[in-house]
Amino acid sequence: MKGIILAGGNGTRFKPATLSISKHLLQVYDKPMIYYSLSLLFLSKIRDILLICKSEDLIAFQNLLGDGSYFGIKISYEVQDKPNGIAEALIIGEKFIGKNNFCLILGDNFFFGHRVPMILQKASKNILGANILTFESNTPQDFGVIYFDKNQKPLKIIEKPKDGKSNSVIPGIYFYTPKAIKYAKQMDKSARGELEISDLNKIILNKKKLKVFQMGRGIAWLDMGDPERLNAASNFVRSVQTNQGFLISCLEEIALNNKWIKPKKLKQDIEKLKLSTDYYKYIMKLLSDKKFK
């Protein structure tokens, strides 16, 4: 299983902030936005990752994440300079994907809840064509929505419907077989000139090869696509971390728990940085735990 993070786009709704920085590098409380989507791939036990971004943002992402070896993973990079649609990520990543199943995630999404790792790992297995997640939302008109028949089998997908007949929205994380690339290449662009991910999922649904995994109660989905939602996500992260004493989406912690990196090497790397932020203090405290000794 491989992973692709789409972190392109112009960040129009965040301007002027995004005139000089990628939206996906904006701060969400105590860490950059991209950490949150990356953490979902980590929790899915995916460690071969392709990050797609604009060419002007490439160096910034490389400075932040490097080749991934710090986290015990491998990160490659490709460029999408024009917002030609989410589904174009499959075409850009064709060589990277090869014959492997893969997870595609948008760089401004993340989930929180103790059942999240279990659901992600379950969705990453036994893929016929596509495995997607759904989340009950009060604003389905803002997202792609899936409809079910009376037996709760997926019936159809509509992008930003106005009918209010289904609240099951499709968040920005998808699991595919490599055959999805072929379908993406055959698609026509939408009226707004993009290869729509909903159109790709419709093709797979019509072939009866789409499975749905519902995110139930106790799981929070945060879409950080505009300033208001970004602020809400920051407040959510701050509240949880302050009240419960652990960090959300701490990549080093997940990598340690996955046994991708050795505690001794991480401690050496952290000490070289000579940083005293709460984030790095948290990691040093983790390393003092007997389970990492």
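**View 1. Helix α1 is largely enclosed by the rest of the structure, because 10 of its 11 residues are buried.** Buried means under 20% relative accessible area, with a 1.4 Å probe and protein chains only. Helices are DSSP runs of H or I, at least four residues long, numbered from the N terminus. The buried residues of α1 include Met-33, Tyr-35, Ser-37, Leu-40 and Phe-42. After α1 comes Lys-45, with a positive phi near 65°. The model is predicted: local features need pLDDT of at least 70, side-chain atom pairs count only at pLDDT 80 or more, and totals for chains, interfaces and linings use all residues. Residues are numbered from 1 along each chain as its sequence is written, and side-chain values use heavy atoms, leaving out hydrogens and water.

**View 2. The largest nonpolar core has 69 residues.** Such a core is a set of buried Ala, Val, Leu, Ile, Met, Phe, Trp, Tyr and Cys residues joined through side-chain atoms within 4.5 Å. Phe-42, Leu-51, Phe-110, Phe-111, Leu-133 and Ile-173 have the most contacts inside this core. Helix α1 (residues 33-43) gives the most to it, with 8 residues.

**View 3. Which residues does Phe-111 touch, not counting residues up to four places away in sequence?** They are Leu-40, Val-116, Leu-133, Pro-171, Ile-173, Met-215, Ile-219, Ala-220 and Trp-221. Contact means heavy atoms within 4.5 Å.

**View 4. Helix α6 (residues 179-186) packs against helix α7 (residues 197-206) at an angle of about 120°.** Their axes are 10 Å apart. Axes are lines fitted to C-alpha atoms, for helices over the stretch in contact, and angles run from 0 to 180 degrees between N-to-C directions. The two helices are therefore oblique to each other. Angles under 35 degrees count as roughly parallel, over 145 as roughly antiparallel, 65 to 115 as roughly perpendicular and the rest as oblique. Ala-180, Tyr-183 and Ala-184 of α6 meet Leu-200, Ile-203 and Ile-204 of α7.

**View 5. Helix α10 (residues 263-273) and helix α11 (residues 278-287) cross at roughly 150°.** Their axes come within 10 Å. α10 and α11 are therefore roughly antiparallel. On the α10 side, the contact includes Pro-263, Leu-266 and Ile-270. On the α11 side are Tyr-280, Ile-283, Met-284 and Leu-287.

Methods:
Buried means under 20% relative accessible area, exposed over 50%, partly exposed in between (1.4 Å probe, protein chains only).
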